[in-house]
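Welcome, and thank you for taking a look at this model. Let us walk through it together, one region at a time.

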Amino acid sequence: MIIALHGDYANADMLKRDVGDFAPLVDCFWDASGWRPAKREISKLERYIKSLSEPPTLIGYSRGGSIIAMLSNKYPIRAAVLYESPVLDSFSVGGTFPVLQIWNDQGVLSMKRRAGQARVAQEVWKRNHPVTELQGIGTHVRTHPIGHGWDVGLNDRILSWLEAVWLKTC
């Protein structure tokens, strides 16, 4: 089961569009109505994860990755793809599952006000998780049309990483 979580002020349809040819591999694009206020949406997501027979693989873009950090302290996770995802709401992460961390060359790491948060996220995940890093091309937010700055040129590499992780965790 692959669940994808969008960023702030976005929605599931935007993320589905933005990931391009990766979209058919995702079982559920979770729509959290922009994550703010998040408590109700996080409760629904937690109930959904609890209902699964096996730990899911989670993909989070920006705030979606921060939600994965929070979930990692409560639920087993098979693997996580964190794209442009600072750990905004928690400075601790749980579990020891494999993590693929992706930062765009003109994204959060290059934004002065968010670069520190991103570096903290890099450090926090590496403490207890095997982390693989990739660099994408582009900004954090795409403007035409408005959406996530997902670099679809990385999709084959993301899929290869996931396949390798799944083979190891079977």
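Is Tyr83 buried or exposed? With a relative accessibility of 0%, Tyr83 counts as buried; the word means under 20% relative accessible area, while exposed means over 50% and partly exposed lies in between, all with a 1.4 Å probe and protein chains only. Before going on, please keep in mind that this is a predicted model, in which local features need pLDDT of at least 70 and side-chain atom pairs count only at pLDDT 80 or more, while totals for chains, interfaces and linings use all residues. Residues are numbered from 1 along each chain as its sequence is written, and side-chain values use heavy atoms, with hydrogens and water left out.

Let us begin with the rings. The structure holds 5 aromatic pairs; rings of Phe, Tyr and Trp (its six-membered ring) pair if their centres lie within 6.5 Å, and planes under 30 degrees apart count as stacked, over 60 as edge-to-face and the rest as tilted. Phe22 and Trp150 make a tilted pair, with 6.1 Å centre to centre and 40° between the planes. Phe22 sits in the loop between α1 (12–18) and β2 (28–30) and Trp150 in the loop between β8 and α5 (155–169), so their pair ties together parts that are 128 residues apart in sequence. Helices (H or I, at least four residues) and strands (E, at least two) are DSSP runs, numbered from the N terminus. Both Phe22 and Trp150 are buried. Tyr61 and Tyr83, in turn, are stacked, at 5.1 Å centre to centre and 25° between the planes. Because Tyr61 belongs to strand β3 (residues 57–61) and Tyr83 to strand β4 (residues 79–83), this pair ties together parts that are 22 residues apart in sequence. Tyr61 is buried too, its relative accessible area being 2%. Ring pairs link Phe22, Tyr61, Tyr83 and Trp150 into a cluster.

Next comes the interior. A nonpolar core is a set of buried Ala, Val, Leu, Ile, Met, Phe, Trp, Tyr and Cys residues joined through side-chain atoms within 4.5 Å. The largest one has 29 residues, and Ile3, Leu45, Ile68, Leu71 and Trp125 have the most contacts inside it. Its largest share, 5 residues, comes from α3. Contact means heavy atoms within 4.5 Å, and, leaving aside residues up to four places away in sequence, Ile68 touches several residues, including Leu5, Ile77 and Trp125. Trp125 is also one of the buried residues of α4, and these pack against α3, β4, β5 and β6 (131–139).

Ser62, in the loop between β3 and α3, has a positive phi of about 55° although it is not a glycine. Glu84, in the loop between β4 and β5, likewise has a positive phi, near 55°. Ser62 is buried at 7% relative accessible area, and Glu84 counts as buried at 0%. In another loop, between β7 (141–143) and β8, you will find Pro145; the peptide bond from His144 to Pro145 is cis, with omega near -5°.

Ser62 returns at our last stop, the largest pocket. Its lining has 18 residues, and Asp8, Tyr9, Ser62, His140 and Val141 lie nearest its centre. On a 1 Å grid over the protein atoms alone, a pocket is an open set of points where a 1.4 Å probe fits, with protein on both sides within 12 Å along at least five of seven lines, and lining residues have an atom within 4 Å of a point. The largest share of that lining, 3 residues, comes from β8.
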